Amino acid sequence: MNSDFWITLLQFIIVFGFMLFFHEGGHFVFARLFGIEVEEFGFGFPPRIVRLFTWKGTEFTLNWIPFGAFVRPKGENDPEVPGGLAAANPWKRLGVLFGGPGMNILIGILVFSIVFMQVGAPNSSKVAIVGVSENSPAASAGLQTGDLITRIDGADITQGMEQLSAVVKANLGSEIELTYQRNGESAAVKVTPRANPPEGEGALGITMSNPYEPITWLQALPTAGKAAYQQTVQLVTLPFQLARGSVSAEETRMVGPKGMFDIYQQAHQLDKEAPSQPSKTPAVNVLWLIGTLSVALGLTNLLPIPALDGGRILFVLPELIFHKKVPQQYENLIHFIGFALLLVLMAYITLQDFINPIVLP
């Protein structure tokens, strides 16, 4: 293994460690905000190397396992401990539990914003050519990657790829006129969409996308929020998509740290290649992956699974609705079993990551 591998591995450990650090930081901030004492905030996982300092009763420690962080609230599982988490008002406990995932989602949105500031935001009303197949009608007409299609058969493109696709589909085998922009200049060409294109190619032989246009920071934030929302919808609807067959089991497979590192490594390689290929977008693949992983970490922790934040939230809800708390010993037992099952699942996922490594399309 060359030095680049070890540098990339170190970067990944730092990046993923900071994701977990911000997650635990969210729990810590809300615990302190609600007056819940925190006994320890650990950088990395035990065993402990050294106690760094103490602030307002919280020990900040450095630990040997560098993959993440942890927060140990006072009385986390014992409602008899005054000033502890389990003894706190249910609304405060709910706030603390949401704090970690919420922080991950917020960090993801901020990272997405940085990406959109660099590459711009997609304009869904316009159409750009990002690929041209050899010996296709588009290639014969002289269309090139980077061309922006502005008109089709005399009509302005105002509804993006859907509008262009509809006109092309309605004129298979018939000549149509496309107006495009290249380097700030406009030109028009005649092209005949194929009724029976080769497998994997369209009627024109082009790959389309929405062009990216520069945006301000204030525009980037809501655009990033929309990206995080779309990721949330995809996660929530994933079981239904899998049942309908609209996505394959391979596309929906879970990954562990090894799988995430494989993806990180490939994104890092794409960023290295980007400067030498001007047709590519700026080197933001790693940044986009970080944002995606951060949002995914937040959403995954909100799943109603024992031992995760979402599972703990489930046990707070009966107290809010029925004003009756689930006996702590039962909750602790269920979380213990859930944690053990999660460890077994993680071991299986990690094994699959080694047997069948992730490869980006």
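Let's start with Arg194. At 18% relative accessibility, Arg194 counts as buried. Buried means under 20% relative accessible area, exposed means over 50%, and partly exposed is in between, with a 1.4 Å probe and protein chains only. The partner of Arg194 is Glu201, and their side chains meet in a salt bridge, 3.0 Å from N to O. A salt bridge here is a side-chain nitrogen of Lys or Arg within 4 Å of a carboxyl oxygen of Asp or Glu. Glu201 is partly exposed, at 26% relative accessibility.

A word on the source. This is a predicted model, where local features need pLDDT of at least 70 and side-chain atom pairs count only at pLDDT 80 or more, while totals for chains, interfaces and linings use all residues. Residues are numbered from 1 along each chain as its sequence is written, and side-chain values use heavy atoms, with hydrogens and water left out.

Now, how many salt bridges does a search of the whole structure find? The search finds 15. Take Arg72 and Glu40, whose side chains meet at 2.7 Å, N to O. Arg72 lies in strand β2 and Glu40 in strand β1, so this pair ties together parts that are 32 residues apart in sequence. Helices (H or I, at least four residues) and strands (E, at least two) are DSSP runs, numbered from the N terminus. Is Glu40 buried or exposed? Glu40 counts as buried, at 5% relative accessibility. Arg72 is partly exposed, at 33%. Both belong to a network of salt bridges that links Glu39, Glu40, Arg48, Arg51, Glu59 and Arg72.

Next pair: Lys190 and Glu177. Their closest N and O atoms are 3.6 Å apart, in a salt bridge. Lys190 sits in strand β8, residues 185-191, and Glu177 in strand β7, residues 176-182, so the pair ties together parts 13 residues apart in sequence. Glu177 is partly exposed, with a relative accessible area of 29%.

On to aromatic rings. Rings of Phe, Tyr and Trp (its six-membered ring) pair if their centres lie within 6.5 Å; planes under 30 degrees apart count as stacked, over 60 as edge-to-face and the rest as tilted. By this rule there are 20 aromatic pairs. Look at Phe28 and Phe41. Their ring centres are 5.4 Å apart and their planes stand at 70°, so the pair is edge-to-face. Phe28 is in helix α1, residues 3-33, and Phe41 is in strand β1, so parts 13 residues apart in sequence are tied together. Both residues are buried.

A second pair is Phe116 with Trp288. Here the centres are 5.6 Å apart and the planes are at 80°, so this pair is edge-to-face. Phe116 lies in helix α2 (residues 90-119) and Trp288 in helix α7 (residues 285-301), so the pair ties together parts that are 172 residues apart in sequence. Phe116 is buried, at 7% relative accessible area. Trp288 is partly exposed, at 34%.

There is also one aromatic cluster, whose members include Phe18, Phe28, Phe41, Phe53 and Trp55.

Last stop: the surface. Ile49, Val50, Leu52, Phe53, Trp55, Leu62, Trp64 and Ile65 make a nonpolar patch of about 750 Å². Patches are made of residues with over 30% relative accessible area and no salt bridge; like charges are joined within 9 Å, nonpolar side chains (Val, Leu, Ile, Met, Phe, Trp, Tyr) within 5 Å. Accessible areas come from the Shrake-Rupley method with a 1.4 Å probe, and for residues, only the protein chains shown count as cover. Which element gives the largest share of the patch? Strand β1 does, with 5 residues. Trp64 is in strand β2, and is exposed at 57%.
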